[in-house]
Amino acid sequence: KKRQKLNDARVWNKRDLDPMPLLVDSVSEAVLPRVYRIIDALIKAMEPLDCALTDDLDFVINGEDVSLSFSEFKDKVPHILTTAENMKLLEYEEDRKRYSWARKPQFRKYDHVFNGRLKVEINRKRSFRDSQSYVIEDRLGDILIELYEASEEIKRARKAAEEAERRRFEEEILKEER
């Protein structure tokens with residue numbers, strides 16, 4: 001959170017911004033232990049299969065990086081004015097009596113509060129989320145299967161790109177020979 005405040009202060013120069021730490025704005029502190037338990041269970045299930053976890057929550061499966069991201073859903077609740085906001089509103093009322101140019105302070109209408117329901121995304125394509133009938137911890141087997149399918153999909157896409165590059169290179173050679 002301290003690093004985020006420093007980043008907000010240096011907004012005028014985007015190149016100087018530090019990368020945001022993992023799970024900072026996507027998960028509340030109350031749900032963080034649960035996320036750690038899920039990651040730990042996935043690591044314990046994947047290690048015997050020669051898979052590894054990188055620092056940025058990417059699993060290395062069959063030599064391919066498969067990204068895993070966590071997010072927590074938020075509820076929209078009406079905003080309750082704080083004492084500082086009430087003071088600004090009182091100052092505005094007093095200023096309005098004396099000056100015609102007084103400007104009313106703007107306050108947000110709603111707050112977005114974390115509600116404890118998690119969502120896991122694999123390669124930003126396939127996702128698993130908590131529902132009334134199950135929680136993510138019950139679906140760890142499905143997540144493992146999806147991680148392996150995503151690694152195979154990445155491998156197929158990489159091989160197709162290499163094959164297209166090889167064909168393009170061969171066509172260039174044939175053009176030069178002609």
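Modeller: A salt bridge here is a side-chain nitrogen of Lys or Arg within 4 Å of a carboxyl oxygen of Asp or Glu. The model is predicted. A search of the whole structure finds 18 salt bridges.

Colleague: Why is the contact between Glu146 and Arg126 called a salt bridge?

Modeller: The closest N and O atoms are 3.4 Å apart. The cut-off is 4 Å. The pair therefore qualifies as a salt bridge.

Colleague: What makes this pair a tie between parts of the chain?

Modeller: Glu146 lies in helix H4, residues 140-177, and Arg126 lies in strand E5. Those parts are 20 residues apart in sequence, so the pair ties them together.

Colleague: Is Glu146 buried or exposed, and how do you know that?

Modeller: Its relative accessible area is 17%. Buried means under 20%, so Glu146 is buried. Arg126 has 35%. That value falls between 20% and 50%, so Arg126 is partly exposed.

Colleague: How exposed are Glu163 and Arg166?

Modeller: Glu163 has a relative accessible area of 27%. Arg166 has 38%.

Colleague: Which residues are linked with Glu163 in a network of salt bridges?

Modeller: Arg166, Arg167 and Glu170.

Colleague: What about Glu172 and Arg168: why is that a salt bridge?

Modeller: Their side chains meet at 2.3 Å, N to O. That is within 4 Å, so the pair is a salt bridge. Glu172 and Arg168 are 4 residues apart in helix H4, about one turn of the helix. Glu172 is partly exposed at 36%. Arg168 is partly exposed at 38%.

Colleague: Now Asp58. How do you know that Asp58 has no salt bridge?

Modeller: The nearest side chain of opposite charge is Arg124, 8.4 Å away. The limit is 4 Å, so there is no salt bridge.

Colleague: What is Asp58 in contact with, leaving aside neighbours within four places in sequence?

Modeller: Ala52, Leu53, Val66, Ser67 and Leu68.

Colleague: And Arg124: buried or exposed?

Modeller: Arg124 has a relative accessible area of 62%. Exposed means over 50%, so Arg124 is exposed. Arg124 lies in the loop between E4 and E5.

Colleague: What makes the backbone of that loop worth a look?

Modeller: Most residues other than glycine have a negative phi. Asn123 has a positive phi of about 55° although it is not a glycine. Arg124 also has a positive phi of about 55°.

Colleague: How do you know that E4 and E5 pair?

Modeller: Pairing needs at least two bridges. There are 4 between E4 and E5, so the strands pair, and they run antiparallel. Lys119 stands opposite Arg129 in E5. E4 and E5 form a hairpin with 3 residues between them, and Asn123 is in the turn.

Colleague: Why is the aromatic pair of Tyr99 and Trp101 called stacked?

Modeller: The search of the whole structure finds 1 aromatic pair. Tyr99 and Trp101 are 4.8 Å apart, centre to centre, with 25° between the planes. The centres are within 6.5 Å and the planes under 30 degrees apart, so the pair is stacked. Tyr99 is partly exposed at 34%, while Trp101 is exposed at 63%.

Technical notes: Residues numbered from 1 in each chain as written. Predicted model: local features only at pLDDT ≥ 70, side-chain atom pairs only at ≥ 80, totals over all residues. Heavy atoms only, no water. Buried < 20%, exposed > 50% of the residue type's maximum accessible area, 1.4 Å probe, protein only. Lys, Arg positive; Asp, Glu negative; His and termini not counted. Contact = heavy atoms within 4.5 Å. Phe/Tyr/Trp six-rings, centres within 6.5 Å; stacked < 30°, edge-to-face > 60°. Helix = DSSP H or I, 4+ residues; strand = E, 2+ residues; numbered from the N terminus.
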